[in-house]
Amino acid sequence: IYQIAAESLPQYRNLGTVEKLTFYYVNDNVQMSFVGKDKELEKLTEKLRQTIEQIHSGNFAATPNPFVCDHCDFKDICEFRSL
């Protein structure tokens, strides 16, 4: 998302092309650098558009699955939870 913003928002375009993004994992003292490829950026942009559309339409349907439910604050009371 940071790469998309840096390459498309007018206030950042004058900075040039994104050459490297780095995640800093503080707990593990690890750095991981990368740059998103065009196809990956297109896929993420489409996913963001779909999510924004769902939010605007008020579509908050439950999407249970083990990973989501394991980390959800409402897992103990949700009728849709994945067991």
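Helices, taken as H or I runs of at least four residues, and strands, taken as E runs of at least two, are DSSP runs numbered from the N terminus, and in those terms Asp28 has its place in the loop between β1 and β2. The model is a predicted one, and this briefing covers its largest pocket, with a volume of about 250 Å³, a nonpolar surface patch with about 440 Å² of accessible area together, and several individual residues.

**Largest pocket**

- The lining of the largest pocket, whose volume is about 250 Å³, is made up of Ile1, Tyr2, Gln3, Leu21, Thr22, Phe23, Phe34, Gly36, Glu40, Leu41 and Leu44.
- Two or more residues of that lining come from each of the elements α1 (2-8), β1 (21-25) and α3 (38-57).
- By residue class, the lining of the largest pocket divides into seven nonpolar residues, three polar residues and one charged residue.

**Nonpolar surface patch**

- A nonpolar patch on the surface is formed by Phe23, Tyr25, Val30, Met32 and Phe34, which together have about 440 Å² of accessible area.
- Strands β1 and β2 (30-34) each supply at least two residues of the nonpolar patch, and the largest share, three residues, comes from β2.
- Phe23, found in strand β1, is named both among the residues that line the largest pocket and among those that form the nonpolar patch.
- Phe23 has a relative accessibility of 40%, and therefore counts as partly exposed, because that class lies between the cut-offs of 20% for buried and 50% for exposed.
- Phe34 is likewise listed in the pocket lining and in the nonpolar patch.

**The loop between β1 and β2**

- Asn29 is found in the loop between β1 and β2, and this residue has a positive phi of about 55° although it is not a glycine.
- With a relative accessibility of 72%, Asn29 counts as exposed, a class that requires a value over 50%.
- Asp28, whose place is also in the loop between β1 and β2, counts as exposed because its relative accessibility is 58%.
- Between Asp28 and Cys72, which are 44 residues apart along the chain, the separation of the C-alpha atoms is 24 Å.

**Charged residues in the helices**

- Glu7 lies in helix α1, an element that also gives two or more residues to the lining of the largest pocket.
- The relative accessible area of Glu7 is 34%, so this residue is partly exposed.
- The C-alpha atoms of Glu7 and Ala61 are separated by 33 Å, while the two residues are 54 residues apart along the chain.
- From C-alpha to C-alpha, Lys47 and His71 are 21 Å apart in space, and in sequence they are 24 residues apart.

Note on methods:
Residues are numbered from 1 along each chain as its sequence is written. This is a predicted model: local features need pLDDT of at least 70, side-chain atom pairs count only at pLDDT 80 or more; totals for chains, interfaces and linings use all residues. Side-chain values use heavy atoms; hydrogens and water are left out. On a 1 Å grid over the protein atoms alone, a cavity is a set of points where a 1.4 Å probe fits but cannot get out, and a pocket is an open set with protein on both sides within 12 Å along at least five of seven lines; lining residues have an atom within 4 Å of a point. Grid points are joined across faces, edges and corners, and a volume is the space filled by probe spheres set on the points. Ala, Val, Leu, Ile, Met, Phe, Trp, Tyr, Cys and Pro count as nonpolar, Asp, Glu, Lys and Arg as charged, and the others, Gly among them, as polar. Patches are made of residues with over 30% relative accessible area and no salt bridge: like charges are joined within 9 Å, nonpolar side chains (Val, Leu, Ile, Met, Phe, Trp, Tyr) within 5 Å. Accessible areas come from the Shrake-Rupley method with a 1.4 Å probe; for residues, only the protein chains shown count as cover. A salt bridge is a side-chain nitrogen of Lys or Arg within 4 Å of a carboxyl oxygen of Asp or Glu. Buried means under 20% relative accessible area, exposed over 50%, partly exposed in between (1.4 Å probe, protein chains only).
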